[in-house]
Amino acid sequence: MKFVNKKIIFLAFFTFFVNFVFALDNDIKKMKEENNDGVLVELKTDMGDIIVKLYNDTPLHKENFLKLVKDGFYDGLLFHRVIDSFMIQTGDPDSKDAPAGKMLGSGDPGYTIAAEIDYPKHYNKYGALAAARTGDQFNPERRSSGSQFYIVTGRTMSEQQFDNMQMRMHEEQLQQTFRKLAYEHRDTIQKLQEAGDETALEELRQQLIKQTEESVDSRVIPENIKQDYVTKGGAHHLDGAYTVFGEVVKGMDVVEKIQKVETDSHDRPIEDVRIISAKIL
């Protein structure tokens, strides 16, 4: 009788296991069908699994990411920079064996990747996968880190807040562009000022204003992008400046948990959060 019970228990467990594997396989198959415009990669972390889709139209970043995944580059790396309501970042090879409290974020595989910024097609919406990089001052071409990437969480805003932000950003772009043009003409401006030629100075000013207005994009942000930022959230201030090369298709609950962990003054989690393994599905 005991043997029969054990056999029944075994068969029940076996049936459950087969059904579980079958369901999991179906889930992956369904995700592949729904995301046939990109490759799926699974990131197993200390806090759960995250599945990301890599876009086909950012081929340099896609192929580089896949190569690193195949090489096991990401296995064991930490999420070294975590900011609540903004993003989580990983990919620093120096983080694998980093002692507690060590400042991280400057490690890479020894190369950068040419920017593949395609805004407004790809933008820093909630769940976006994008390449980290050094700032414009040292990296005017906006080349991406060879390995570091971030996943956006961001925050939502009202439509009025979004419209105000859009207006403010446009004004900042105009000011920055005008200052840059004025700097490029600084010798001419100085000579005209020394000569006291106010007429020529005003003509040059109007010319630079016209160049500024022509070079700065004044298009209104598409409604679908606005609604994503209003209803789901994101980091709009990064749009057009960083390469977005994929998005999370499953596991944003895990990303949410990671962004809530306690961090130090350098935004590194107090308790390590690690990528256990990464694999192509």
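Two rings of Phe, Tyr or Trp count as a pair if their centres lie within 6.5 Å. In this predicted model, a search of the whole structure returns 8 aromatic pairs. The chain has 281 residues, of which 39% are buried, and its secondary structure amounts to 7 helices and 10 strands. The points below treat the aromatic residues and their surroundings, followed by values for the chain as a whole.

**The pair Phe 65 and Phe 245**
- The ring centres of Phe 65 and Phe 245 are 5.7 Å apart and the ring planes meet at 55°, so this pair is classed as tilted.
- Because Phe 65 belongs to helix 2 (residues 59-70) and Phe 245 to strand 9 (residues 244-250), the pair ties together parts of the chain that are 180 residues apart in sequence.
- Phe 65 and Phe 245 are both buried.
- One aromatic cluster is formed by Phe 65, Phe 73, Tyr 74, Phe 149 and Phe 245.

**The pair Tyr 150 and Tyr 242**
- For Tyr 150 and Tyr 242, the ring centres are 6.1 Å apart and the planes stand at 80°, so the pair is edge-to-face.
- Tyr 150 is located in strand 8 (residues 149-152), whereas Tyr 242 is in the loop between helix 6 (223-231) and strand 9, so the pair ties together parts 92 residues apart in sequence.
- Tyr 150 has a relative accessibility of 4% and therefore counts as buried, the cut-off being under 20%.

**Charged groups over rings**
- The charged end of Lys 125 sits over the ring of Tyr 123, at 5.8 Å from the ring centre.
- Arg 186 lies over the face of Tyr 183, and here the distance to the ring centre is 4.0 Å.

- Phe 178 is part of helix 3 (residues 159-184).
- With a relative accessible area of 27%, Phe 178 is partly exposed, a class that lies between the 20% and 50% limits.
- Leaving aside residues up to four places away in sequence, Phe 178 touches Arg 205, Leu 208, Ile 209 and Thr 212.
- Phe 178 and Glu 213 are separated by 35 residues in sequence, and their C-alpha atoms are 8.9 Å apart in space.

**The chain as a whole**
- Among contacts in the chain with a separation of 6 or more, 74% are between residues 24 or more positions apart.
- The chain exposes about 16,400 Å², and carbon and sulfur atoms supply 53% of this area.

Technical notes. Residues are numbered from 1 along each chain as its sequence is written. This is a predicted model: local features need pLDDT of at least 70, side-chain atom pairs count only at pLDDT 80 or more; totals for chains, interfaces and linings use all residues. Side-chain values use heavy atoms; hydrogens and water are left out. Rings of Phe, Tyr and Trp (its six-membered ring) pair if their centres lie within 6.5 Å; planes under 30 degrees apart count as stacked, over 60 as edge-to-face and the rest as tilted. Helices (H or I, at least four residues) and strands (E, at least two) are DSSP runs, numbered from the N terminus. Buried means under 20% relative accessible area, exposed over 50%, partly exposed in between (1.4 Å probe, protein chains only). A charge sits over a ring if NZ of Lys or CZ of Arg is within 6 Å of the ring centre and within 35 degrees of the ring normal. Contact means heavy atoms within 4.5 Å. Accessible areas come from the Shrake-Rupley method with a 1.4 Å probe; for residues, only the protein chains shown count as cover.
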